Amino acid sequence: MQTHKLDSLTMAWPTDWTALFGTSRPLILEIGFGQGTFLFHLARKYPEANIIGLEISNQCLVKAENTLQREQVANVRVIHSRAETALNHLFEPSSLWQVHINFPDPWFKRNHARRRLMQRDTLDALVSRLQPGGELYLATDILAYAEMSAELLQDTPGLDNLFDTPWVDAIPGRVTTKYEARARAEGRDCHYFAYRRNNLPAPDVPVIKDLEMPHLVFTTPLSLETMAQRFEPFKHSEGDIHVGFSAVFRGEHTLLFEIHVNEPTINQHTALLLTQRYGAEKTYTLQMGTFGHPRPTQGMHIAVSTLGNWLLSLHHEAQVVSQKVQALSSADQGH
Ligand SMILES: C[S@@+](CC[C@H](N)C(=O)[O-])C[C@H]1O[C@@H](n2cnc3c(N)ncnc32)[C@H](O)[C@@H]1O
């Protein structure tokens, strides 16, 4: 797997952008920069700003990272990140000067609400992160996407439309992105939105930070071998957090459980580790493994507590020794 220099799963939440760039300048964000034409145009147009590009495509990131190195562009950083993760975990409220989104969700269907970028929760996070007077620019070649976005943006009191119409079909002098050129060549009109953050209160979207590391210590008469044999893949959901326990692997003094933790703002594919405590015959610790770079989110707490409950349920003499797991209500059950 390609590992990028900057990845929202390994960066500090929130990120200190002044330290990262080495300068304190207004921040411009481009979401889904693709081939990077617009990103590098922003870098040239706003030398007095620091520019951040987000992508989920490895190929796009590698290309942009190579360009950055080759051309020694000082005011651009590219980050492997979903927009939802970056907006909720990396940026503080009122920290962004401009946000640009060019041609998101090309396979948009009106009913694919969960996966599309332009939706209420993400837009609320975005408005919260814009500073007063900050600007949001959106372009799409899908009429239904434009209509849906227009409704959403009109229902957003914290933003004022910079145009007299919901959108315009041309912006003279605008740099053309790769996707935009293809849309025009194939005869599709493009639709452009421009909004400005006003002084009305922003939606309250706090930065989601790391929680404490979840763990469970328990005793059970069962051996690691028996617990591994009893395991079957299962899924668990709480609210909009979904955890899948897909496999177990046996080490010398450990079991490693492969897990998928999907939360609205972050998806993690990682492992929980069950370790037999040194010197204590039947005492075990369940905690996050160190494979990949797991973050102690609400979903990881749910993963530890769910797997822990299952392990405890395997034997009537099993007993909790200590635990630190945070319930969804955020009441700390640890002691
Ligand atoms: C249709 S392409 C447009 C690329 C470029 N902006 C252009 O106009 O040529 C959409 C881009 O957004 C990226 N993308 C999709 N969902 C994303 C998300 N949730 N966060 C960040 N980038 C995303 C995709 O990898 C893809 O490169």
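V321 is partly exposed in the predicted model, with a relative accessible area of 47%; residues are classed as buried under 20% relative accessible area, exposed over 50% and partly exposed in between, with a 1.4 Å probe and protein chains only. The residue lies in strand β14, where helices (H or I, at least four residues) and strands (E, at least two) are DSSP runs numbered from the N terminus. Not counting residues up to four places away in sequence, V321 touches V217, F218 and T219, a contact being defined by heavy atoms within 4.5 Å. The C-alpha atoms of V321 and T285 are separated by 9.5 Å, and the two residues are 36 apart along the chain.

The model is a prediction in which local features need pLDDT of at least 70 and side-chain atom pairs count only at pLDDT 80 or more, whereas totals for chains, interfaces and linings use all residues. Residues are numbered from 1 along each chain as its sequence is written, and side-chain values use heavy atoms, with hydrogens and water left out.

Strand β14 belongs to an open sheet of seven strands, ordered β9-β10-β11-β12-β13-β8-β14 and paired in antiparallel fashion. The edges of the sheet are formed by β9 (234-238) and β14 (319-324); each has a single partner strand, so one side of each is left without a neighbour in the sheet. Averaged over the sheet, neighbouring strands are turned by 20° against each other, direction ignored. Two strands are taken as paired if DSSP finds at least two bridges between them. Strands β8 (residues 215-219) and β13 (residues 283-288) run antiparallel and are joined by five bridges. Within this pair, T219 has T283 of β13 as its bridge partner.

Helix α9 (residues 298-313) packs on the sheet and touches β8, β9, β10 (241-250), β11 (254-263), β12 (266-276), β13 and β14. The direction of α9 makes about 135° with that of β11; axes are lines fitted to C-alpha atoms, for helices over the stretch in contact, and angles run from 0 to 180 degrees between N-to-C directions.

T297 is placed in the loop between β13 and α9. This residue is buried, at a relative accessible area of 4%. The side chain of T297 makes a polar contact of 3.5 Å with the side chain of Q268. A polar contact is a pair of N or O atoms within 3.5 Å; within protein, one atom must be able to donate a hydrogen and the other to accept it, and residues adjacent in sequence count only if both atoms are side-chain atoms. Neighbours within four places in sequence left aside, T297 is in contact with W13, L211, E263, I266 and Q268.

S8 is located in the segment before α1 (17-21) and counts as buried at 3% relative accessibility. Although S8 and I266 are 258 residues apart along the chain, their C-alpha atoms are separated by 9.4 Å.

Around the ligand there are 16 residues, of which G32, E55, A83, T177 and Y179 come nearest; a residue is included if one of its heavy atoms lies within 4 Å of the molecule. A nitrogen atom of the ligand is placed 2.9 Å from a polar backbone atom of A83. A ligand nitrogen atom is also 3.2 Å from an N or O atom in the side chain of E84, and a ligand oxygen atom is 2.7 Å from an N or O atom in the side chain of T177. Taken alone the ligand exposes 590 Å², and the protein buries 82% of that area; accessible areas come from the Shrake-Rupley method with a 1.4 Å probe, and for residues only the protein chains shown count as cover. Two or more residues of the shell around the ligand are given by each of α4 (83-90) and α7 (178-185).

Helix α4 is also a packing partner of the buried residues of α5, together with β4 (96-102), β5 (130-140), α6 (143-154), β6 (159-161) and β7 (191-197). Helix α5 (residues 120-129) is mostly covered, with eight of its ten residues buried.

The chain as a whole contains nine helices and 14 strands. Of its 335 residues, 49% count as buried.
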